Amino acid sequence: MSYLAVNGGTPVVDIEKAKFEWPRITDESEKAVVKQLHTSISIYDNSGIIGEFEKIFADYHNRKLGLLSNSGTSAIFSMFEGIGLMPGDEVICPVYTFHASVSPLINTGAIPIFADSDEFGNISIDSIKTKLTPRTKAVVVTHMWGTPTKDINKIQIFCRDHNLFLLEDCSHAHGSSIYTKKVGSFGDAAAWSLQGQKTITGGEGGIMLTDNTKIFNRALLQGHYNKRPKNEISSSETEYKFFLTGMGLKLRAHPLAIALALQQFNHLDTFISQRQKYANIFTKAFNDYPFFTTPETISKDIQSSWYAYILLFNENESFGVSREEFVSALHAEGLIEVDIPGSTGLLNELPLFTKTNEIMPRLYNKPIYSQGPYPIADKFYNSVIKLPVWTFEDEYKIVDSYISGIQKVADHLMEHKSLAE
Ligand SMILES: Cc1ncc(COP(=O)(O)O)c(C=O)c1O
């Protein structure tokens, strides 16, 4: 067996050849952006590329109304404004997610109530049930790493039964589906990031979808003024009178970003089917090691977008080798894209959610009480090893080299029961 690079052996792959490059900017992408550059670089209403993207994205998800914005964070903020949250309202949120699934709430005065995860890192219905109070107004779901929340139907029924809004953060899950329905079509509203790393990207951008005219009108007034709200809110609606100013913010998307996002979107289904093939290959390669838990790759009910491939590393089975040591050995082999995500983690202890009154005293007159523990989310967070999922057929060599590198270190561990020589 060859020496591990961490012990002075030769790395499996040259770092320069081991990068995950995303998005792939093709001639087609360049043409789409240049065409938009000569058409319009600021759009005040939903004409041109803005309306085109909103319609095509809404149709794909079988939703009526789409609203682009300048980021996923803004799109999530628009959902919170859309449902008219008031100070003191409670919103049940996933404890394990990227902070922006929840952080815009802090601009409304509402209180995030964190719920534990299921074994896939998504919010758990059992935990949601224990968080319900008479002040609960909404539930937020994030489909983490592209894996649809398996309990989404139950969560939908729970929300209906208790008169709660269901909001989906689909920023990892463009094109993911469950029970043949796309994620983003279960909630009262859903939001996607179109930021640079995302499966559909304009570099920066976000979009919210809903069927609910009230949510849409409020979201529209939050980030847009004059032409858009004037054209799109019926003059008989109470919100119409605010069209000239909106609510004082401007969250409009940039047309060049949306031109790129639209060009990417036209390939979404092909991206997902190629990622599915690579995910299957990963699972086959890693499934038999006792210290790995691989994600469910083939299921008739669930289609992940494979925003990332999450390999869980079980330190009880790894002969005393920690996840960090294992990943360092992979990095030494040149597998620089293997990651232990730091910024996506448990939110309950973050200062924004504990010392909220210090940063937002106008909306919070006391700290939000300490919440926890979250044993399942904690275990998931402490086990995650994240791999990118390559998206193009011509990337099979890099996929092979990542598999070889991971197998090299994992085989060594199996044989020596340590990473030492
Ligand atoms: C789950 C999730 N929600 C929201 C966001 C925020 O999106 P944006 O960066 O476009 O504001 C991100 C960004 O990474 C995310 O991963």
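**Reading the helices and the sheet**

Tutor: Let's start with helix α9 (residues 268-286) and helix α14 (residues 396-416), which pack at an angle of about 20 degrees with their axes 11 Å apart. This is a predicted model, where local features need pLDDT of at least 70, side-chain atom pairs count only at pLDDT 80 or more, and totals for chains, interfaces and linings use all residues. Residues are numbered from 1 along each chain as its sequence is written.

Student: Why are α9 and α14 called roughly parallel?

Tutor: Angles under 35 degrees count as roughly parallel. The angle here is about 20 degrees, and α9 and α14 are therefore roughly parallel to each other.

Student: Which residues of α9 and α14 meet?

Tutor: Tyr278, Ile281, Phe282, Ala285 and Phe286 in α9 meet Val399, Ile403, Ile406 and Gln407 in α14; contact requires C-beta atoms, placed from the backbone, within 7 Å. These residues divide into eight nonpolar, one polar and no charged.

Student: What makes helix α3 mostly covered?

Tutor: A residue is buried if 20 or more other C-beta atoms lie within 10 Å of its own. In α3 (residues 72-82), 11 of 11 residues are buried. They pack against β1 (65-69), β6 (165-169), β9 (189-193), β10 (206-210) and α6 (213-223).

Student: Why do β11 and β15 count as edges?

Tutor: Two strands pair if DSSP finds at least two bridges between them. The open, antiparallel sheet runs β11-β13-β15. β11 (292-293) and β15 (384-387) each have a single partner strand, so one side of each is left without a neighbour in the sheet.

Student: How do you know that β13 and β15 pair?

Tutor: Strand β13 (residues 309-313) and β15 share four bridges, and the definition asks for at least two.

Technical notes. Helices (H or I, at least four residues) and strands (E, at least two) are DSSP runs, numbered from the N terminus. Axes are lines fitted to C-alpha atoms, for helices over the stretch in contact, and angles run from 0 to 180 degrees between N-to-C directions. Angles under 35 degrees count as roughly parallel, over 145 as roughly antiparallel, 65 to 115 as roughly perpendicular and the rest as oblique. Two residues are in contact if their C-beta atoms, placed from the backbone, lie within 7 Å. Ala, Val, Leu, Ile, Met, Phe, Trp, Tyr, Cys and Pro count as nonpolar, Asp, Glu, Lys and Arg as charged, and the others, Gly among them, as polar. A residue is buried if 20 or more other C-beta atoms lie within 10 Å of its own, exposed if 12 or fewer, and partly exposed in between; C-beta atoms are placed from the backbone.
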